[in-house]
Amino acid sequence: VLGIPDIQQLANAARFLTGLYGAITILVVYFLAMQALNAFPAIVAATLAGLTPLMGTHAQFIKEDIFAAPLLMLALIIVLRWGRVPSRNKALILGIIVGLAVSAKLSSLIIVIPVVYTFIVVGRSQERSYLASLGLVALTALLVFSIIQIPALLDHERWLASFEREAGSAITGHYLYLWPIQTKLIFHLKYSLLKGMGWPALTMGLFGLIYVIGRWKNTALPLRVLTVFALSWYGIHELLPLKIYHGGMRYMLPLVPVLAILSILFLQVCISYISSEISASGSNKLFTALVIALLAVTLFMSYPLIIRNNIDTRSYVTKIFLDKLPGKVVIEPYSTLKDGNVGAPYGNNEKKYFSSDFALISSILYDDFFLGTTYIGQPDFVYEIGSNYRSLFSLTYIQVSNNKFSYSYHNPVIRIVCLSDKAAQWAKTLDLNSLDHKYDIDLKLINAGTMPSSSAHFG
């Protein structure tokens with residue numbers, strides 16, 4: 001692939017590319033913020049978006065979301081510029097960007113909602129037809145999407161199977177069916193945005209959203225378009241049952257820049273209300289002080305994820321335990337830096353577990369099923385796997401964590417479960433305290449019969 005034969009070199013190249021796209025996203029956020037804010041607040045909004053855990057973490061992951069995010073922000077910029085001065089060229093460019101965004105991630109089709117809203121509002125205000133421009137956008141986007149999909153369409157059976165699988169997942173969910181009546185429309189707010197932005201930035205962003213909605217008719221078009229995008233993106237993702245507990249956090253990535261802009265807007269509004277009580281220089285100093293505090297808190301939350309990525313628990317498990325476990329080992333996905341050799345404890349996989357001495361289990365998997373068992377109406381296998389995990393955790397196991405922030409696919413809690421008496425006896429001979437100090441991690445031996453403690457994700 002790309003002329004790179006070594007898989008690790010390929011992974012490094014891909015990570016460089018995602019990091020580059022992350023940096024491009026911040027630059028694009030600045031220009032998007034400039035549509036609604038002045039220069040300095042726009043710089044602050046872009047910086048805030050870049051410092052959030054959600055943006056910092058997923059700029060390191062090889063996932064499609066980091067490629068779609070800047071394209072969505074760029075589409076918003078172009079549609080807002082079209083809104084000021086409509087032209088065929090801008091509609092053509094907008095169609096190209098929308099086509100690229102949808103090619104990167106199908107859910108980018110949601111961008112159609114703010115685009116149509118803008119065209120209708122501008123068309124009515126200027127008493128001109130917007131259907132021709134809207135049609136040009138649609139045809140261009142479809143053409144770009146089709147051209148990009150040509151290699152996939154050549155293997156049409158595989159493409160169709162992949163499309164049906166993803167479409168089915170969007171309708172029914174992957175393996176957890178989390179309908180809005182169960183999650184009360186706050187699933188992504190609680191598990192994605194609160195962790196992904198931190199409560200100060202998220203709270204201010206939500207107040208900014210409420211401020212724009214409350215003054216809708218008197219608010220400038222750019223802020224209304226950003227609000228339409230935010231409500232559409234969140235609402236559609238929240239209404240669909242497709243909510244992966246850990247991986248699904250990335251679904252809210254395009255909302256981070258918009259909420260960052262709205263948070264700075266709200267901060268400006270608050271300062272304006274008290275500006276009559278203090279001097280202009282005092283207002284500027286207060287705004288700067290609050291901005292520094294907000295950025296500092298957000299950076300503090302992101303620091304373990306962005307700066308200290310090498311502390312991931314899986315690297316410790318691989319380094320300390322993996323090659324030293326005396327017996328047969330089953331390895332679940334996400335539990336080490338190496339590929340897993342078994343799936344969740346279900347069906348035929350159960351035999352692999354209980355014919356082995358050790359099982360390496362990651363919270364990225366077991367938290368999903370622990371969460372699923374708290375909701376009614378799940379597939380039977382969700383409850384069965386959740387029950388099997390609880391049975392496994394009634395055995396002796398070593399819990400590996402580092403008391404650092406666990407987020408998305410990063411830094412999970414790992415449990416090394418002893419599946420045989422021999423394995424349990426070996427675990428009890430380990431000097432975990434010395435390993436704690438040597439590697440600066442938190443190792444705990446949980447004896448058989450002890451109720452499993454909550455992981456860093458769930459509980």
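Which residue forms a salt bridge with Glu64, the closest N and O atoms being 3.2 Å apart? I opened the notebook with this point and found Arg250 as the partner of Glu64. The pair links distant parts of the chain, with Glu64 in the loop between H3 and H4 and Arg250 in the loop between H13 and helix H14 (255-274), 186 residues apart. I note that the model is a predicted one.

**Entry 1: the salt bridges**

I searched the whole structure and recorded five salt bridges. One of them joins the side chains of Glu64 and Lys105, at 3.2 Å from N to O. Glu64 lies in the loop between helix H3 (53-58) and H4, and Lys105 in the loop between helix H5 (88-104) and helix H6 (112-125), so this pair ties together parts that are 41 residues apart in sequence. I then found that the side chains of Lys105 and Asp65 meet in a salt bridge at 3.3 Å, N to O. Because Lys105 is in the loop between H5 and H6 while Asp65 belongs to helix H4, the pair connects parts 40 residues apart in sequence.

I looked up the accessibility of each member. Glu64 is partly exposed, with a relative accessible area of 28%. Lys105 is buried at 12%, Arg250 counts as buried at 6%, and Asp65 is buried at 3%.

**Entry 2: helix H4**

I checked the length of helix H4 (residues 65-84), which has 20 residues. At 1.5 Å a residue it should span 28 Å, and I recorded 29 Å between its end C-alpha atoms, which agrees. H4 is mostly covered, as 16 of its 20 residues are buried.

**Entry 3: helix H18**

I asked how many residues of helix H18 (residues 363-372) are buried. The count is 10 of the 10, so the helix is largely enclosed by the rest of the structure. Among the buried residues I noted Tyr366, Asp367, Asp368, Phe369 and Phe370. The cover over the buried residues of H18 includes helix H11 (187-197), helix H16 (313-321) and helix H19 (380-392), together with strand E2 (358-362) and strand E4 (414-418).

**Entry 4: Tyr234**

I located Tyr234 in helix H13 (residues 221-239). Tyr234 is buried, with a relative accessible area of 17%, the cut-off being under 20%. Residues up to four places away in sequence left aside, Tyr234 touches Leu185, Ile186, Phe187, His188, Leu189, Leu193, Met252 and Leu255. I also found that the side chain of Tyr234 reaches the backbone nitrogen of Leu189 at 3.2 Å. The C-alpha atoms of Tyr234 and Pro254 are separated by 9.7 Å, the two residues being 20 apart along the chain.

**Entry 5: Thr336**

I placed Thr336 in the loop between strand E1 (329-331) and helix H17 (349-354). Thr336 is buried, with a relative accessible area of 6%. Its neighbours within four places in sequence set aside, Thr336 is in contact with Arg314, Val317, Thr318, Leu322, Ile331 and Leu360.

**Entry 6: a surface patch**

Is Phe16 buried or exposed? I found Phe16 exposed, with a relative accessible area of 60%. Phe16 belongs to helix H1 (residues 7-33). With Leu17, Leu20 and Ile24, Phe16 forms a nonpolar patch on the surface, and together these residues have about 370 Å² of accessible area.

Notes
Residues numbered from 1 in each chain as written. Predicted model: local features only at pLDDT ≥ 70, side-chain atom pairs only at ≥ 80, totals over all residues. Heavy atoms only, no water. Patch = residues over 30% accessible without salt bridge, like charges linked within 9 Å, V, L, I, M, F, W, Y side chains within 5 Å. Areas by Shrake-Rupley, 256 points an atom, 1.4 Å probe, with all protein chains shown as cover. Salt bridge = Lys/Arg side-chain N within 4 Å of Asp/Glu carboxyl O. Helix = DSSP H or I, 4+ residues; strand = E, 2+ residues; numbered from the N terminus. Buried < 20%, exposed > 50% of the residue type's maximum accessible area, 1.4 Å probe, protein only. Contact = heavy atoms within 4.5 Å. Expected span 1.5 Å × (residues − 1). Polar contact = N/O pair within 3.5 Å; in protein donor to acceptor, adjacent residues only side chain to side chain.
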